[in-house]
Amino acid sequence: MKDGILVLEGSKEGLCRGCGAKLRWYLTFPKKARMPFDGEPRLIEDTGCKDGGVRLLRVATDRVHWATCPKAFKFRGRRNEIGE
């Protein structure tokens, strides 16, 4: 299996509630959980599969917003900026 994460084609624009950055939200597969990306994720593979008529894509995780957000700790249940 190739590295990456499976997402459903199509996204919604939004803003990070922590840092205010512009985001693209994609639904992951199969859980259909929302995942924020800094811009469009880098396509690794179009799997050729569909879920409810929507293409299933494998994308790289290097643009997931959690990795770059300076306020990510707020969304991980942490109590302060150093993670304690």
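Helices (H or I, at least four residues) and strands (E, at least two) are taken here as DSSP runs, numbered from the N terminus. In this predicted model, the protein holds 0 helices and 6 strands. Along the sequence the elements follow the pattern β-β-β-β-β-β.

**Overall figures**

- The protein has 84 residues, of which 29% count as buried.
- Its accessible surface is about 5,900 Å², and carbon and sulfur atoms contribute 50% of that area.
- Among contacts with a separation of 6 or more, 42% are between residues 24 or more positions apart.

- Strand β2, which covers residues 12–15, pairs with β3 in the antiparallel sense, and the pairing comprises 4 bridges.
- One of the bridge pairs consists of Gly14 and its partner in β3, Leu23.
- The two strands form a hairpin with 6 residues between them, and Gly20 in the turn has a positive phi of about 85°.

- Arg24 has Phe37 of β4 as its bridge partner, while Tyr26 stands opposite Met35 in β4.
- This hairpin has 6 residues between its strands, and Lys32 takes a positive phi within it.

**Loop between β3 and β4**

- Thr28 is placed in this loop and is buried, at a relative accessible area of 8%.
- Beyond residues up to four places away in sequence, Thr28 touches Ile5, Leu6, Val7, Ala33 and Met35. Met35 is also the residue of β4 that stands opposite Tyr26.
- Pro30 belongs to the loop as well, and the peptide bond joining Phe29 to Pro30 is cis, with omega about 10°.
- Lys32 is another residue of the loop. Its phi is near 60°, a positive value in a residue other than glycine.
- With a relative accessibility of 40%, Lys32 counts as partly exposed, whereas Thr28 is buried.

- A pair of aromatic rings is described by the distance of the centres and the angle of the planes.
- The count for this structure is 1 aromatic pair. Tyr26 and Phe37 form it: their ring centres are 5.7 Å apart and their planes stand at 90°, so the pair is edge-to-face.

**Cysteines**

- The structure holds 0 disulfides. A disulfide would require two cysteine sulfur atoms within 2.5 Å.
- For Cys16, the closest cysteine sulfur is that of Cys69, at 3.7 Å, and this is too far for a bond.
- Cys19 is likewise in no disulfide, and its nearest cysteine sulfur, in Cys16, is 3.8 Å away.
- The accessibility values place Cys16 in the buried class, at a relative accessible area of 10%, and Cys19 in the partly exposed class, at 34%.

- With neighbours within four places in sequence left aside, Asp46 is in contact with Arg55, Leu56 and Leu57.
- The C-alpha atoms of Asp46 and Val59 are 8.7 Å apart in space, and the two residues are 13 residues apart in sequence.

Definitions and conventions. Residues are numbered from 1 along each chain as its sequence is written. This is a predicted model: local features need pLDDT of at least 70, side-chain atom pairs count only at pLDDT 80 or more; totals for chains, interfaces and linings use all residues. Side-chain values use heavy atoms; hydrogens and water are left out. Two strands pair if DSSP finds at least two bridges between them. Buried means under 20% relative accessible area, exposed over 50%, partly exposed in between (1.4 Å probe, protein chains only). Rings of Phe, Tyr and Trp (its six-membered ring) pair if their centres lie within 6.5 Å; planes under 30 degrees apart count as stacked, over 60 as edge-to-face and the rest as tilted. Contact means heavy atoms within 4.5 Å. Accessible areas come from the Shrake-Rupley method with a 1.4 Å probe; for residues, only the protein chains shown count as cover.
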